Amino acid sequence: MSESEKRSDYISWDEYFMGIAELSALRSKDPSTQVGACIVSADNKILSMGYNGFPKGCSDDIFPWTKIRAEHDPYNAKYVYVTHAELNAILNYRGGSLDGAKIYVNLFPCNECAKAIIQSGIKTLVYREDKYADTPSVRASKRMLDAAGVRYYQYQATGRNISLDL
């Protein structure tokens with residue numbers, strides 16, 4: 001390759017933004033499930049990012065990270081306290097409208113996050129995994145996203161391995 005030719009091995013937009021979502025997930029202190037999200041404008045500008053964790057002012061040293069015995073004592077399990085990555089990314093946005101934006105997330109959104117995605121005006125959802133596809137929450141998500149005209153598709157992994165030294 002000569003100096004006048006551009007590189008051909010650069011990453012795609014989907015690889016780039018899913019990579020940002022995966023990197024954001026590494027900020028999560030959740031011991032079992034780390035989720036990250038990246039919101040992008042129609043012209044491929046990063047608008048916001050988020051990851052799953054407790055709300056501001058709710059110490060992750062005091063609130064529980066456990067999911068054990070949630071059905072017996074829901075107040076001793078993380079589920080009632082954690083803010084999901086998608087909602088955090090939407091709430092972290094400080095610009096104008098998210099109408100027409102795209103969200104990249106490494107886990108298909110629950111029904112509550114689907115509501116926030118729809119209400120915010122995001123029109124495309126790209127997800128990596130759908131491991132809870134058969135749950136009522138994700139089934140409801142898909143029903144609402146379909147009804148609201150939000151397009152969603154699974155990220156197609158390229159197998160490319162990128163290593164960062166931080």
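Tutor: Two strands pair if DSSP finds at least two bridges between them. Strands (E, at least two residues) and helices (H or I, at least four) are DSSP runs, numbered from the N terminus. This is a predicted model: local features need pLDDT of at least 70, side-chain atom pairs count only at pLDDT 80 or more, and totals for chains, interfaces and linings use all residues. Residues are numbered from 1 along each chain as its sequence is written, and side-chain values use heavy atoms, with hydrogens and water left out.

Student: How many bridges join strand 1 to strand 2?

Tutor: There are 5, and the strands run antiparallel. C38 stands opposite M49 in strand 2. The hairpin has 5 residues between its strands, and N44 takes a positive phi near 65 degrees.

Student: Where does UniProt place the feature "binding site"?

Tutor: UniProt positions use the numbering here, feature names are shortened, and annotations may be inferred rather than shown by experiment. The unreviewed entry lists H84, C110 and C113. They span 30 residues in sequence, yet no two of their C-alpha atoms are more than 8.8 Å apart, so they gather at one spot.

Student: Is C113 buried or exposed?

Tutor: Buried means under 20% relative accessible area, exposed over 50%, partly exposed in between (1.4 Å probe, protein chains only). C113 is buried because its relative accessibility is 4%. H84, at 34%, is partly exposed.

Student: Which residues does H84 touch?

Tutor: Contact means heavy atoms within 4.5 Å. Leaving out residues up to four places away in sequence, H84 touches Y51, N52, C110 and C113. H84 sits in the loop between strand 2 and helix 2, whereas C113 lies in helix 3.
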